[in-house]
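Subject: A structure for you to look at

Hello,

Here is the structure I promised to pass on. Please open it alongside this note, and I will walk you through what turned up.

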Amino acid sequence: MKKIRFLILGLSAVLCIAVFVNWDRISSGVNKETDTAIGSETYVSGENYFESAKYSRDRVRNETVSALKEIISDEKADEESKKTAENDISFYAKAAETESSIENLVKAKGFSECVAFVGKDNVSVVVENKLTAEDAAKITDIAIGQTGFEYSAIKIIELASEKSQ
């Protein structure tokens, strides 16, 4: 039974590490960072960043959910471990839905590309366009509306174009 709990803890750690590695990749391209009254903005660069980020996010999430499903179907797992695994799967499903909604709504506001990362208590939104304060406010409003988080839990990141570097 303790093995199952350690497996759940390990899977959560793997997911956190994957998010950190992705975040570290974003940070390595940082060439300008500013704080605003509405969240904060960071500039990053990278070719095909959006496709890569979405693929990486979804791959790690799918692997984690698959492992959690194994825990649920394991006859040796205790009910508490199964319940925790079910709750985690529900969270990941809701996070995926929320990320998709944020991305679609941000694109509907005229931004060419977007990727969102929803955590338990924060959200990061990466956009391709240069942002004005009004743009940042629009994205922040979308993220708050979809997640219910406070504005301080919203991070907006601009993907710097290769031409601007």
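Helices (H or I, at least four residues) and strands (E, at least two) are taken here as DSSP runs, numbered from the N terminus. Read that way, the elements of the protein run α-β-β-α-α-β-β-α-β from the N terminus on, giving 4 helices and 5 strands.

A word on how to read the rest. Residues are numbered from 1 along each chain as its sequence is written, and side-chain values use heavy atoms, with hydrogens and water left out. This is a predicted model, in which local features need pLDDT of at least 70 and side-chain atom pairs count only at pLDDT 80 or more, while totals for chains, interfaces and linings use all residues.

The predictor's confidence in each residue is its pLDDT, from 0 to 100. The protein averages a pLDDT of 81, and 68% of the residues score at least 70. Over residues 29-43 the pLDDT is below 50, although this stretch has 39 contacts in the model beyond near neighbours in sequence (a contact means heavy atoms within 4.5 Å). Where pLDDT is low, the predicted coordinates should not be read in detail.

The overall picture

Buried residues make up 42% of the 165 residues in the protein; buried means under 20% relative accessible area, exposed over 50%, and partly exposed in between (1.4 Å probe, protein chains only). Among contacts in the protein with a separation of 6 or more, 65% are between residues 24 or more positions apart.

Helix α3

Helix α3 covers residues 79-108, 30 residues in total, and reaches 43 Å from its first C-alpha to its last. That is close to the 44 Å expected at 1.5 Å a residue, where the expected span is 1.5 Å times one less than the number of residues. At its start, a side-chain oxygen of D78 comes to within 3.1 Å of the backbone nitrogen of E80. This is a polar contact, a pair of N or O atoms within 3.5 Å; within protein, one must be able to donate a hydrogen and the other to accept it, and residues adjacent in sequence count only if both atoms are side-chain atoms. After α3 comes G110, with a positive phi near 105°. The buried residues of α3 include A85, I89, Y92, I102 and V106.

A search of the whole structure finds 8 salt bridges, each a side-chain nitrogen of Lys or Arg within 4 Å of a carboxyl oxygen of Asp or Glu. In one of them, the side chains of R57 and E99 meet at 3.4 Å, N to O. R57 lies in helix α2 (residues 49-73) and E99 in helix α3, so this pair ties together parts that are 42 residues apart in sequence. R57 is buried, with a relative accessible area of 12%, and E99 is buried at 1%.

R57 also pairs with E103 in a salt bridge (2.7 Å, N to O). This pair links helix α3 and helix α2 across 46 residues, and E103 counts as buried at 7% relative accessibility. E99, in turn, has a salt bridge with R61 (2.8 Å, N to O). Salt bridges that share partners join R57, D58, R61, E99 and E103 into one network.

The nonpolar cores

A nonpolar core is a set of buried Ala, Val, Leu, Ile, Met, Phe, Trp, Tyr and Cys residues joined through side-chain atoms within 4.5 Å. The largest has 19 residues, of which I102, V106, V123, V125, V127 and I139 touch the most other members. Two or more residues come from each of α3, β3 (114-118), β4 (123-127), α4 (133-147) and β5 (154-159), with the largest share, 4 residues, from α4. Leaving aside neighbours within four places in sequence, V125 is in contact with residues including I102, V106, I139 and I157. A second, separate core of 8 residues includes A53, V115, F117 and I157.

Helix α4

Helix α4 has 15 residues and reaches 21 Å from its first C-alpha to its last, close to the 21 Å expected. T140 lies in this helix and counts as buried at 2% relative accessibility. The side chain of T140 reaches the backbone oxygen of A136 at 2.7 Å. G148 follows α4, and its phi is positive, near 80°.

Enjoy exploring!
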